[in-house]
Amino acid sequence: MTICIVGSSGLTGGYVLQFATKSILIDRIVLPLRKKLQTEFANVSQMVCDFNNAEQLKAILAETDAIICCVGTTIKKAGSQDAFRKVDYHIPLILSSCAGPGTKTFVLLSSVGANKSSSNFYLRTKGEAEDAVIKHFKGRTIIARPSLLTGIRKEFRPAERLSMVLSPLFNPLLHGAFKRFRSIPAETVAKALLFSALAPDKSAQYLHYPELIKASEDLDLLLKVK
């Protein structure tokens, strides 16, 4: 099986790559990148590309069985809302449009509360990205909607770091419909994304906190069985 991981230099995407390289179910991993990673793996093909170049992306994705899209930034890091949108909306859109006929599964990392009609720019953009992938991708689309991702990022985000410190106190208070707003380790989400790519028919289409936990556990079981 050949999978494509987009956003492998980020927190969650880095974990997806780490787990994917250890899976005997995966023969080849394709990484479209703006800049090559320093880490090298035997079964990983790093391909520097322009995410505005549809023909180049079509060639990269031609023999891919599944795409896992983990791209994501912040308005502060991107510099503007337009620059943010070019990452969080445009990249999922062009990937779903350029996927080959052999690509059966598209797994998108989104956000809890994503809604194209939201008054919040971030959540509206995430919702529009979800709709774009569902519209343009011809296979099975699986959308992960975690809340706050915990883990150590390369860049320092003060507000997010504070939230991670406080989240263990609030998580036990969130029950029922509010359970989806629990913080969750990026490592757990990465496992859920990879499981969804490897066993799409066994994964829910929308993964919130409970489904993400289950899919993460399912990946551990799947790899042990195989």
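Both Lys-126 and Asp-88 are buried, where buried means under 20% relative accessible area, exposed over 50%, and partly exposed in between (1.4 Å probe, protein chains only). This is a predicted model, in which local features need pLDDT of at least 70 and side-chain atom pairs count only at pLDDT 80 or more, while totals for chains, interfaces and linings use all residues. Residues are numbered from 1 along each chain as its sequence is written, and side-chain values use heavy atoms, with hydrogens and water left out.

The side chains of Lys-126 and Asp-88 form a salt bridge, 2.7 Å from N to O (a side-chain nitrogen of Lys or Arg within 4 Å of a carboxyl oxygen of Asp or Glu). Because Lys-126 sits in helix H5 and Asp-88 in helix H4, the pair ties together parts that are 38 residues apart in sequence. Helices (H or I, at least four residues) and strands (E, at least two) are DSSP runs, numbered from the N terminus.

Now look at another pair. Glu-128 and Arg-85 meet through their side chains in a salt bridge of 2.5 Å, N to O. Glu-128 belongs to helix H5 (residues 121-136) and Arg-85 to helix H4 (residues 81-98), so this contact links parts 43 residues apart in sequence. Glu-128 is partly exposed at 22% relative accessible area, and Arg-85 is partly exposed at 27%.

Helix H5 also holds Glu-130, whose partner Arg-145 lies in the loop between strand S6 (140-144) and strand S7 (149-150). Arg-145 counts as buried at 15% relative accessibility, and Glu-130 is buried at 3%. Across the whole structure, a search finds seven salt bridges.
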